[in-house]
Amino acid sequence: MECLLELKEGDRMDLFTLSMEEKLKRNAPLADRLRPRKLDEFVGQDHLLGEDKFLNRSIKADRITSMILYGPPGIGKTTLAMIIANTTAMKFEKLSAVTSGVKDIREVIKNAEEYLKIYNKRTILFIDEIHRFNKSQQDALLPFVERGIIILIGATTENPYFEINKALLSRAMVLSLKPLSDKDLLDLLNKALKDKERGLGCYNVEIDKEAIDYLISISEGDGRVLLNSLEIGVLSTSENKDGIRIIDLETIKNSILIKTAKYDKGGDEHYNTISAFIKSMRGTDPDATLYYLAKMINAGEDPKFIARRIIIAASEDVGNADPNALVIANACFEAVRNIGMPEGRIVLAQGALYVATAPKSNSSYLAIDKALEDIREKRVGEIPAHLKDTHYLGAKELGSGEGYKYPHDYKDSFIKQDYLPLEYRDKKYYNPTQNGYEKEIKMRLDKLFDNKE
């Protein structure tokens with residue numbers, strides 16, 4: 001049996017007799033040729049498609065409701081929609097948000113209404129990359145989804161809670177698809193090597209375990225990357241004297257389609273990575289801090305954006321446990337702005353590591369938020385008379401400044417007196433911790449307020 005992709009000299013005349021569809025199938029990437037055609041061929045997403053899971057039952061019972069399939073690339077969103085198309089008795093229409101507009105939506109809806117009138121059957125409308133539809137395009141779908149004229153299935157790599165209109169989202173289930181597990185990817189690889197009709201089974205291939213492990217690891221849950229990289233490795237490797245194509249680690253490394261970490265500066269990965277970076281600094285984990293910093297630098301994240309986050313962490317999470325953290329974080333920002341990249345990576349690393357390894361206190365953060373809460377939600381108290389400004393004509397006649405005690409006239413430049421409004425007199429916002437320098441602050445305050453009258 002001849003392989004689909006390797007054309008022999010004798011095949012040249014046959015090619016001219018093939019239909020365009022057959023030519024496309026013959027030259028399609030491995031991931032497209034191996035696309036599952038029915039539910040039992042689908043790999044992964046057991047939390048949704050397991051034997052007793054809701055979506056599995058819904059597909060088999062042909063009781064599909066509007067849904068948004070959300071997840072990273074290469075995990076089967078479009079494939080799942082096509083399986084539904086092959087299974088359901090409903091009419092199936094497909095649009096791509098990249099190439100379709102409101103006019104295309106209206107045309108599909110018009111046909112769906114006619115189909116419902118004539119055959120009493122609804123239409124499933126699958127929209128790939130639905131997050132690319134703007135508000136007006138999404139609004140055009142809403143009344144017809146609401147009336148049940150169409151069943152909407154949208155696929156997106158972006159967080160639908162950010163990208164999809166709330167009204168439309170409320171009428172659809174959001175199904176979160178997960179990256180494929182290592183076992184799922186291994187199953188795909190083995191299927192590809194064994195399948196003679198659509199895969200690479202017509203080649204005699206031996207692949208090292210080390211190469212398999214690397215390919216699975218670097219694919220990061222993306223089945224498309226794994227399959228198409230495997231195909232490049234097999235097709236670009238010559239047979240040895242025994243007719244075997246040996247695929248080793250070096251071959252796979254030279255066949256990988258993508259080698260950079262997944263990172264969308266406008267999407268989930270951006271926010272998730274910066275969140276992990278901040279939490280690693282807060283959690284005093286210097287190695288995790290460097291890992292997420294490297295991920296952002298490698299993805300081309302704005303270094304000033306990273307530096308600003310370091311400044312925020314220096315105040316929010318370190319605070320007065322090490323007041324020097326804010327000084328260093330701010331110097332980090334200025335240095336990065338002055339020297340740029342790639343040298344700026346060293347400055348960012350120094351600033352982030354200082355914050356990560358510093359003693360921690362969020363007392364300043366908690367204190368200002370408690371004070372703001374009182375200002376916003378409670379009566380604003382009157383400033384005590386002895387604290388009021390006296391630098392204007394008639395101030396003394398109004399009692400401003402009367403009774404004020406100048407701290408520098410007393411020992412240790414401290415004298416107890418009331419500074420808060422009367423109704424807040426017993427309020428305590430700042431509670432220094434026992435961490436780092438803040439321990440000294442606490443000891444000093446305790447000494448002053450306990451011993452001074």
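This is a predicted model: local features need pLDDT of at least 70, side-chain atom pairs count only at pLDDT 80 or more; totals for chains, interfaces and linings use all residues.
**Exercise 1. Work out how helices H18 and H19 lie relative to each other, and which residues join them.**

Start with the geometry: H18 and H19 pack with their axes 9 Å apart, at an angle of about 170°. Next, apply the cut-off: angles over 145 degrees count as roughly antiparallel. H18 and H19 are therefore roughly antiparallel to each other.

From H18 come Asn324, Ala325, Ile328, Cys332, Ala335, Val336 and Ile339, and they meet Gly344, Val347, Leu348, Gly351 and Tyr354 of H19. Sorted by class, this contact holds 9 nonpolar and 3 polar residues, with no charged ones.

**Exercise 2. Describe how H13 packs against H11.**

Begin with the axes. Those of helix H11 (residues 182–194) and helix H13 (residues 223–235) come within 10 Å and cross at roughly 35°. The crossing is right-handed. On the H11 side, the contact is made by Leu185, Leu188, Leu189, Ala192 and Leu193, while H13 supplies Gly223, Leu226, Leu227 and Leu230. The class count comes to 8 nonpolar residues, 1 polar and no charged.

**Exercise 3. Now describe how H13 packs against H12.**

The axes of helix H12 (residues 209–219) and H13 come within 8 Å, crossing at roughly 140°. That angle makes H12 oblique to H13. Here too the handedness can be read off: the crossing of H12 and H13 is right-handed.

For the residues, Leu215, Ile216 and Ser219 of H12 meet Val225, Leu226, Ser229 and Leu230 of H13. This contact has 5 nonpolar and 2 polar residues, and no charged ones.

**Exercise 4. Characterise the largest pocket by volume, lining and residue class.**

Take the volume first: about 630 Å³ for the largest pocket. Then turn to the lining, which is made up of 18 residues. Leu420, Arg425, Lys427, Lys428 and Phe449 lie nearest the centre of the pocket. Finally, sort the lining by class: 9 residues are nonpolar, 2 are polar and 7 are charged.

Note on methods: Residues are numbered from 1 along each chain as its sequence is written. Side-chain values use heavy atoms; hydrogens and water are left out. Axes are lines fitted to C-alpha atoms, for helices over the stretch in contact, and angles run from 0 to 180 degrees between N-to-C directions. Helices (H or I, at least four residues) and strands (E, at least two) are DSSP runs, numbered from the N terminus. A crossing is left-handed if the near helix is turned anticlockwise from the far one by less than a right angle, and right-handed if clockwise. Contact means heavy atoms within 4.5 Å. Ala, Val, Leu, Ile, Met, Phe, Trp, Tyr, Cys and Pro count as nonpolar, Asp, Glu, Lys and Arg as charged, and the others, Gly among them, as polar. Angles under 35 degrees count as roughly parallel, over 145 as roughly antiparallel, 65 to 115 as roughly perpendicular and the rest as oblique. On a 1 Å grid over the protein atoms alone, a cavity is a set of points where a 1.4 Å probe fits but cannot get out, and a pocket is an open set with protein on both sides within 12 Å along at least five of seven lines; lining residues have an atom within 4 Å of a point. Grid points are joined across faces, edges and corners, and a volume is the space filled by probe spheres set on the points.
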